[in-house]
Amino acid sequence: MTFRFRSFVRVTLLAGAVLIFNLPLVWTLLASFGVTPNNSTHPPQWMLPPTWDNYREVITPQTILKQLGVSTLVAVLVTLLTLFTSFLAAYALSRSQFRGRRLLLQGLLVLASLPVISYVIPLKDLMFVSHLYDTLPGVALAETALFAPLAVYALVGYLARVPTEIEEAARVEGATLRQVLHKIILPTAMPGMAATGIIIFVLSWNQLLMLLVITAHRVQTLTVMMSDFFTFERELEWGAAAAALVVSVLPVALLVAATHRLLEQFGIGGVNQ
Amino acid sequence: MRLHKASVLSNRQFLLLVLPLAAILILFLLLPLVLGFVATFTNYAPFQTTIRFVGLGNYRNVLQDGAFQAAVRNVVYFTGGSVSVELALGFLLAFALRKPFRGRSLIRFGLLLPWLVSPVAAGIMWHFLLNTTQGLLNYFPALFGLSELPYPLTIETAMLTVIATEVWRKTPFVTFLFLPGFISIPAEQWDQARVDGLGLLHQMRHVVFPALRVLLLTVMLLLIGDALGTFEAILMLTGGGPGTVTLTPGFYSYSQAFKAFNWRDGATSGWFIVGAVLIVGGSYIWLTRHSRTP
């Protein structure tokens, strides 16, 4: 095969994959504007014209706008707290050698792969005891514990690739640890931090199970609201559901669209390679 | 170099840097995990007045429940099916994306989109898309005048359908995680393989697998852990049914604790999931023990 033919095949295959993976989303977007096919006619007739009715129905101050705000607040808090704690720990782990360091990192990875359900039931009792149940700080702390193991693992890999000469010179010149972190490490680690932060933001935005258990009505995110609305036993209208779905995905889709070049800095292969 | 690196931080500085994270992990992850474990050997439940030791009684109860047995069988099937397809497809797509070309970053973005949909939203979406009259599934048969496809959430097909929806949502993230690995393989290694006349399979064996072995195992660990705890994917789509054909231990545990208010069975079945993840994690540590760390 010639090089040109190969690359043509590659691009065609990839474009096909993009199309197949996104067809369900296109269908949902159309349905949110009331454009749905009628599959019992041949060929299927499409409902036209498109309308904003579904959006008008689901977006009200009580239903979606409030939860959008809560979801944003929760995801921002969780992202900042995760980045702050993970950055410090990842720096310490990437700049030290001790027995068991490797096992510690792998242990973090095992924690990262531990599903929420495996400890969320006792977590609820602890949240009650500590009066953190259904509070913003409670959610921020619990979700940070959930996502930080992955963030630390990714950041250790990233920081290990940052050369140590400059910080060592700075230490010799008498710079304090705080100055080194603030003036040297943080600026060079920024792309990796930002990429990790975006991944954490998306994970937090989409988290359901933990919030179902440790929150009630005071801290209700969009994801929890949707699970309340559309229980599988209840038959509901597709158009309204599709509109709610689009509203829930749009913020993270825009965020990732704006930053997807930056996201190339995220990786979990750095630690062991 | 190594020695010098070690002297960058004093012990006190190391502990100070690690402390905030350690405190959060201990209080909000390890403590509930361990207290939950201890409690599964007692009759503890919220509002229980006298706590006493019950040995393995809770574990025996859960193991004897037919629904839990079905859930364990289902999750083995679900994990094996979904993780292997996600790995294979994600690997293939990352392989195809490894070299720069015009429009690559647009395709990368397009291939990440399904992962941005929350599991709940995905469940709601598939519930309607699999619907026969307005959905996606039967649009194409109708377009070509073929007969309608059977409803995909019956006893025979529900599990396969749930696996397919999970593959749709997670493969994009797997591709995203694999791609940096492919990109980090030096170009000379590909060229050398081509000069040596190695075919695609040989390139995989001699270039790709040695370089990506640890990354592959790492992604596999994360996927298996996630699959073993599956809850959201079935919450909206099947609710564990029909009957118990798509019930998972995660869903069983949640329903026991928060729907049937049976704390003991809920927490105990949760610990079966922890046990399974620890076994998989131990295997991961064992399999990666000979690779280098920085």
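This is a predicted model: local features need pLDDT of at least 70, side-chain atom pairs count only at pLDDT 80 or more; totals for chains, interfaces and linings use all residues.
Okay, let's start with chain B. Along its principal axes, the C-alpha trace of chain B spans about 75 × 75 × 30 Å.

How much do we trust it? For the model as a whole, the scores are ipTM 0.92 and pTM 0.94. Chain B averages a pLDDT of 89, with 96% of the residues scoring at least 70. Element by element, helix 6 of chain B, residues 113-116, has the highest mean pLDDT, 96. At the other end of the list sits helix 1 of chain B, residues 2-6, with the lowest mean, 43. That goes with the stretch of residues 1-6 of chain B, where pLDDT stays under 50. For those residues the model has six contacts beyond four places in sequence. If you're counting helices in chain B, then, please remember that helix 1 is the one with the lowest mean pLDDT.

Staying in chain B, there's a helix pair I'd like to show you. Helix 3, residues 57-64, and helix 14, residues 263-287, have axes that come within 9 Å of each other. What angle do they cross at? Roughly 85 degrees, and therefore helix 3 of chain B and helix 14 of chain B count as roughly perpendicular to each other. On the helix 3 side, the contact is made by B:Asn58, B:Tyr59, B:Asn61 and B:Val62. Helix 14 of chain B brings B:Arg264, B:Asp265, B:Thr268 and B:Ser269. By class, that contact has two nonpolar, four polar and two charged residues.

One more thing before we leave chain B: the peptide bond from B:Gly241 to B:Pro242 is cis, with omega near -5 degrees. If you want to find B:Pro242 on the screen, go to the loop between helix 12 (232-235) and helix 13 (249-258) of chain B.

Where do the strands come in the order? Reading from the N terminus, the elements go α-β-β-α-α-α-α-α-α-α-α-α-α. The C-alpha atoms of chain A fill a box of roughly 75 × 65 × 30 Å along the principal axes.

On confidence, the mean pLDDT of chain A is 89, and 96% of its residues reach 70 or more. The lowest element there is strand 2 of chain A, residues 45-46, at a mean of 83. The highest is helix 9 of chain A, residues 209-214, at 96.

Chain A is divided into domain 1, residues 3-46, and domain 2, residues 62-265. Over C-alpha atoms, 32 Å separate the centres of domain 1 of chain A and domain 2 of chain A. How many residues does each put into the contact? Six from domain 1 of chain A and six from domain 2 of chain A. The side of domain 1 that touches domain 2 of chain A has two nonpolar, four polar and no charged residues.

Now a helix pair in chain A. Helix 3, residues 61-94, packs on helix 6, residues 136-160, at an angle of about 40 degrees, with the axes 6 Å apart. Helix 3 of chain A and helix 6 of chain A are therefore oblique to each other. The crossing of helix 3 past helix 6 of chain A is right-handed. The residues of this contact divide into 21 nonpolar, five polar and one charged.

There are backbone details to check here too. A cis peptide bond joins A:Leu48 and A:Pro49, with omega about -5 degrees. A:Pro49 lies in the loop between strand 2 and helix 2 (53-58) of chain A. Then there's A:His131, which isn't a glycine and yet has a positive phi of about 60 degrees. You'll find A:His131 in the loop between helix 5 (120-129) and helix 6 of chain A.

Last topic, the two chains together. The contact takes 87 residues from chain A and 94 residues from chain B. Which element gives the largest share of chain A's side? That's helix 1 of chain A, residues 3-32, with 14 residues. By class, the side of chain A that touches chain B has 54 nonpolar, 26 polar and seven charged residues.

That's my tour; over to you.

Terms used: Residues are numbered from 1 along each chain as its sequence is written. Chains are lettered from A and ligands numbered from 1 in the order in which they are written. pLDDT is the predictor's confidence in each residue, from 0 to 100. Helices (H or I, at least four residues) and strands (E, at least two) are DSSP runs, numbered from the N terminus. Domain bounds come from an automatic or database domain assignment. Two residues are in contact if their C-beta atoms, placed from the backbone, lie within 7 Å. Ala, Val, Leu, Ile, Met, Phe, Trp, Tyr, Cys and Pro count as nonpolar, Asp, Glu, Lys and Arg as charged, and the others, Gly among them, as polar. Axes are lines fitted to C-alpha atoms, for helices over the stretch in contact, and angles run from 0 to 180 degrees between N-to-C directions. Angles under 35 degrees count as roughly parallel, over 145 as roughly antiparallel, 65 to 115 as roughly perpendicular and the rest as oblique. A crossing is left-handed if the near helix is turned anticlockwise from the far one by less than a right angle, and right-handed if clockwise.
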